[in-house]
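Q: Hey, can you walk me through this one? I'd like to ask things as we go.

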Amino acid sequence: MLTIGVDVGGTSVRAAVVDQHGEVLETHRVPTPSGGPELNDAIASTVRVLSDRYPVAAVGLAVAGFVSEDRRMVRFAPHLAWRHVAVADELSAQLGLPVVLEHDANAAAIAEHRFGAAIGARVAALVAIGTGIGAALVIDGEVFRGARGVAPELGHLRVVPDGRQCSCGKRGCLERYCSGTALAATAAELLRAGDEPSVLRELAEPTGVVAAEAAEAGDPLARRAMADLARWLGEGLALVADVYDPEVVVIAGGVSSSAHLYLDAAREHYARTVTGAGHRPLADVVVARYGDPAAMIGAAALAREHVLQAPKAPFGG
């Protein structure tokens, strides 16, 4: 059975035809429009490009935002026009296909659990480190969403009271210290704090990508910023282990491409910091198998599973 997974992002709508083994057969991408109706039309047209070429059975949408418990409505998506919109029903009517919604981190976690770095794990957590932190938890093959469909927001656990300002409105959130944005902020603080030579001094404002590239090249100040990120990731891993006790934690997101620079140090900090350190098994902390396609693959897998579980019932009913 073939299904389509769609990653609905702030800049582009990306769709992929995915088979039952998690293999991507073809993709299509269009820019993300600013309006809600236009966004629905863009998704529908993108899906049709692929569904005209392949016999697809259902569509899964991966969205960076709050999705309702029944996965029919987008309650809020900060980079999209949807606010309390029954997206799944509207698109299902447009396409004539079953449609299901999922948070993008949850979809990525499903891809890793079904086909990637967390295959077979009874309890698996995913931590996606990018501009911020996305997180997901899979227990016995099912995504844990909490009572209202918005858990777990690990990136917004407050780890530094009165710390760096976060876009969520709080101060001191984990993602302000462990993310691409945090890497840039730490590098900027180190630049202001002293006169240590660094290629980053040539820039008006270092970005996380540039700081990571400088660390890769051996720049001492950038390496210090990366070491700080590693320490905070270790703190985050210890929190995840204390609350969920996962078998495996999958590190995903854009910053995972630099994992060789920080992951060993993060594992060591986690091992020292977790409750019962030295007297309990530790989670395997591994890099994700999938990069950009992860959310599409996971969304497609969820759409397939829903069709197989209830082939004769109204979708979402």
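Q: How many residues does helix H4 have, and how far does helix H4 reach?
A: Helix H4 covers residues 180-193, so to say 14 residues, and reaches 20 Å from first C-alpha to last. That's close to the 20 Å expected at 1.5 Å a residue, where the expected span is 1.5 Å times one less than the number of residues. Helices here are DSSP runs of H or I with at least four residues, strands are E runs of at least two, and both are numbered from the N terminus.

Q: What kind of model is this?
A: A predicted one: local features need pLDDT of at least 70, side-chain atom pairs count only at pLDDT 80 or more, and totals for chains, interfaces and linings use all residues. Residues are numbered from 1 along each chain as its sequence is written, and side-chain values use heavy atoms, leaving out hydrogens and water.

Q: Which residues of H4 are buried?
A: Among them are Gly180, Leu183, Thr186 and Leu191. Buried means under 20% relative accessible area, exposed over 50%, and partly exposed in between (1.4 Å probe, protein chains only).

Q: And what covers them?
A: The cover includes helix H5 (208-216) and helix H6 (220-244).

Q: New topic: which residues have the most contacts inside the largest nonpolar core?
A: Leu233, Ile251 and Tyr262, in a core of 43 residues. H6 gives the most to this core, with 12 residues. A nonpolar core is a set of buried Ala, Val, Leu, Ile, Met, Phe, Trp, Tyr and Cys residues joined through side-chain atoms within 4.5 Å.

Q: Is Phe76 buried, partly exposed or exposed, and why?
A: Phe76 counts as partly exposed because its relative accessibility is 35%. Phe76 lies in strand E6 (residues 74-76).

Definitions and conventions:
Contact = heavy atoms within 4.5 Å.
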